[in-house]
Amino acid sequence: ESLSKKQGDGAHLQGQSQPMRTIAVLGGGIGGLAASYYLCKSPRVTKVLVLESSSRFGGWLWSTRRSDGAVFEHGPRGIRPAGAVGRNTLNMVDDLGLGGEILPVTYSHVASKNRYLYVNRQLHRMPSGLSGVLRTVPPFSRPLLLSVAMEILVKKGKEEDESIHSFVSRRLGKELADIAVDSLCRGVFAGDCRKLSVRSCFPLFYNAEQRRGSLVLGMLLGSGPTPVVPAGPLAQRSVQESWAQWSLSRGVESIPESITEYLQQSERVQLHKETAVKQINPSASGWKIHLEDGVLSADHIISALPAKGKWNMILSEKSLSSALPSSCQPLIQQLQDISTVTVAVVNLEYEGSVLPVMSDSSLLAIRPTHSCVIRELHDDLRQLGCIAEQSCVSRVNRRGLSTQPWGEPVLRLMEEEETRRGSSQTAVCLSESPEPSYTGWSSVRVFDVDAVLDVGHDLAYRGEGYRLIVIQACHCGRFGDGDDRGGLQAGGDRCLLERGAEDVRQHLGELGFGHLVPSSEDRGLLGVVYDSVPFPQHNRPNGQTTRLTEAVTEDQLLARATEAVRCQLGVTTAPSWSRVALQRDCIPQYHQGHFRRVESMRSFIRKNNLTLSLIGSSYDGVSVNDVIFSGRTAVDELLGTGV
């Protein structure tokens, strides 16, 4: 039976004695599903038709769940909880009953602290923390603090829009724009920061300058009003626990799957896959929607279709610009001016722990630290699944070496010694292999180290079969005091300690979220995400593996991706599993003047009394949170009430 016959003749205008509103949602990605979800919460909506051209709902939220328990994302992976749009998504996720599946990543997690740039054929950790702001950190030529301090003195721009590169160059310097911002825009938008609009892509930055005259002052004092979204229980928890991002145990596709299940339980919703919209035409009652097998009627259309796209014979995809009638030519032209990019997402899995692997040094030295830091390291190691039952702790001091099982007894012992002596000088070695020998402080070394983790306190360990060295020198005065209270001896030890952590960073690398690649380095590769670091729960349960995801813009995708891993991360083994997903026209490009185009489109719709709402990533933001919130906003404006 054709879909047009299934619908019947239930579409009536609002305002009749018994108003019945039929809303057609074009597109079953996360934007269209979110709009349908909010429509279902209003008793004023009698029928919702969701029309999706492909064989699945969810759009770019697409997860592969292997039978062995591993999960791979072919689109977005981590969702940020911050701001009104972040709270809105968490409220919806909570309402859908997904709170128990949340995988939070806190700001203290290594994936939040450590992010990298691949510049001059080397990985460089982005500056973070106070020390990162105060000192010069490669690949930059001066401390970030100088750029930030001088930014306050820069005059406000006079243009109504500006490229991101021009904006950042003017306010923070060309070097930051060429390297950091270029990489960021490639990672977020897969686009060129010299073309992308700062007003549309980073409205927070634009508004900060316009309202406060400075990015710094705008961040400190606020840059204007934001939507009011009360925080539900899950959003409140995200603040209390300091989440930086989150995912779900079965992947982010659980969100559209749960919305679909929610909609299927409503008698007012009809969900239709493999239903391509050929044409839409205004009518006396609203719209006529032409399909392959008939015509539907609707009072209002919420379009979550891409503004512009290419006809795909396999997926029967259609864009809004190609579905509108010729009478809407001004709107069609504005829609066609929004370009898109195609991105290949390459998922790779390697046996064992291959991150990081830049082992060109046999010496590892760590700056002084305290037992409270050791406790934090213990939590990080446990979180990352790096602590084995046979692991032990060796405490090395002038009285010799003692070994105990790793855990709370050792932590308490260290704290007791600090309290008793007021200062201590202890090397702690966590090892799953025979202990190295120590003949004196100047020979505290670790050999065959092949991975290092910086947890914010200059600590380190190696991955599989790791060893950890921590040299402790609690408030014993300046390095090199060399007194009987346990201060370190002057000379080689002092130099070793002061330079050790930086040498580790430069020579061995550290775990983190991933790295971005500026266009000057490699125009084809956008970046690599170290998926196993933020979300180790998505690794297969049996056997250690490393999951990576690359975003590539060129042909020869799999070969190109594995070559990038070899060159940029030093991984010489072939992946044990791989998958390439070519996401066509997946990210709209908000070029300069985008906000004017969107204003012009919505002005045309109002002037011509078209019962049409535009939602999705083509208009008001490309993130998952933005797209979901656009669906809520459209429903709120349509019904004139809060959702």
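These legends describe close-up views of a predicted model.

**View 1. Packing of helix H3 against helix H21.** Two packed helices are described by the angle between their axes and the distance between the axes. For H3 (residues 83-95) and H21 (residues 624-639), the angle is about 75° and the axes are 9 Å apart. H3 is therefore roughly perpendicular to H21. On the H3 side, the contact is made by Val85, Gly86, Asn88, Thr89 and Met92. H21 contributes Asn625, Asp626, Ile628, Phe629 and Arg632. Of the residues in this contact, four are nonpolar, four polar and two charged.

**View 2. Surroundings of serine 163.** Serine 163 sits in the loop between helix H6 (144-151) and helix H7 (164-172). Its relative accessibility is 7%, so serine 163 counts as buried. A polar atom of its side chain lies 3.0 Å from the backbone nitrogen of serine 166. Leaving aside residues up to four places away in sequence, serine 163 touches Cys193, Arg194, Lys195, Leu196, Val198 and Gln592.

**View 3. The cis peptide bond from proline 138 to proline 139.** Most residues other than glycine have a negative phi, and most peptide bonds are trans. The bond shown here is cis, with omega near 15°. Proline 139 belongs to the loop between helix H5 (129-134) and H6.

**View 4. Positive phi at alanine 190.** Alanine 190 is not a glycine, yet its phi is about 55°. The residue is in the loop between helix H8 (174-189) and helix H9 (198-201). With a relative accessible area of 13%, alanine 190 is buried.

**View 5. Positive phi at serine 242.** Serine 242, also not a glycine, has a phi of about 55°. Serine 242 lies between helix H12 (233-240) and strand E8 (243-248), in the loop. Its relative accessible area is 37%, so serine 242 is partly exposed.

Note on methods: Residues numbered from 1 in each chain as written. Predicted model: local features only at pLDDT ≥ 70, side-chain atom pairs only at ≥ 80, totals over all residues. Heavy atoms only, no water. Axes fitted to C-alpha atoms, helices over the stretch in contact; angles between N-to-C directions. Helix = DSSP H or I, 4+ residues; strand = E, 2+ residues; numbered from the N terminus. Parallel < 35°, antiparallel > 145°, perpendicular 65-115°, else oblique. Contact = heavy atoms within 4.5 Å. Nonpolar A, V, L, I, M, F, W, Y, C, P; charged D, E, K, R; others polar. Buried < 20%, exposed > 50% of the residue type's maximum accessible area, 1.4 Å probe, protein only. Polar contact = N/O pair within 3.5 Å; in protein donor to acceptor, adjacent residues only side chain to side chain.
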